[in-house]
Amino acid sequence: MKNEPIYLDQEENELLGEIEGGEWMSKPLSAQERNEYQNNAKYTKSLQEKRQTTIRFSVSDLAAIKAKSKEMGIGYQNLIQALVHNYAVGKIKLEA
């Protein structure tokens, strides 16, 4: 692969100029800024927490899920979790 020149668009050139001009130098955070970052980090971490719940399945549905998870080489709870997550983020849609 050849060393081809990299072309920047106008916004990238402006940003590069600002960085090279020292406009993006680190400055100490104020107590309020630090507190806001800490709160945002805590909130983001809390979104990753897992909570235990109880859900009832028919015996036949649970058996089918367990069989499919075994074919895939993953635990059935992980399969159920992945299905719920994919539905929650819109990757899977249910038809009425």
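User: In this predicted model, what do buried, exposed and partly exposed mean?
Analyst: Buried means under 20% relative accessible area. Exposed means over 50%. What lies in between is called partly exposed.

User: How does leucine 83 count, buried, partly exposed or exposed?
Analyst: Leucine 83 is found in helix H4, residues 76–88. Its relative accessibility is 38%. Buried needs under 20% and exposed needs over 50%, so leucine 83 counts as partly exposed.

User: Which residues form a nonpolar patch on the surface with leucine 83?
Analyst: The patch has about 400 Å² of accessible area together. Patch residues need over 30% relative accessible area, and leucine 83 has 38%.

User: Which side chains meet in the one salt bridge of the structure?
Analyst: Side chains of opposite charge can pair when their charged atoms come close. Here the N to O distance is 3.8 Å, and the cut-off is within 4 Å. The two side chains belong to arginine 51 and glutamate 49.

User: What lies over the face of tyrosine 76?
Analyst: A charge over a ring must be within 6 Å of the ring centre. The distance here is 4.8 Å. The residue over the face of tyrosine 76 is lysine 66.

User: How far does helix H3 reach from its first C-alpha to its last?
Analyst: H3 covers residues 59–72, which is 14 residues. At 1.5 Å a residue, 20 Å is expected. The helix comes close to that, with a reach of 20 Å.

User: Which residue follows H3?
Analyst: The residue after H3 has a positive phi, near 80 degrees. It is glycine 73.

User: What distance separates the C-alpha atoms of glutamine 32 and leucine 16?
Analyst: Glutamine 32 has its place in helix H2, residues 31–47. Along the chain, glutamine 32 and leucine 16 are 16 residues apart. Their C-alpha atoms are separated by 29 Å.

Technical notes. Residues numbered from 1 in each chain as written. Predicted model: local features only at pLDDT ≥ 70, side-chain atom pairs only at ≥ 80, totals over all residues. Heavy atoms only, no water. Lys NZ or Arg CZ within 6 Å of the ring centre and 35° of its normal. Helix = DSSP H or I, 4+ residues; strand = E, 2+ residues; numbered from the N terminus. Expected span 1.5 Å × (residues − 1). Patch = residues over 30% accessible without salt bridge, like charges linked within 9 Å, V, L, I, M, F, W, Y side chains within 5 Å. Areas by Shrake-Rupley, 256 points an atom, 1.4 Å probe, with all protein chains shown as cover. Buried < 20%, exposed > 50% of the residue type's maximum accessible area, 1.4 Å probe, protein only.
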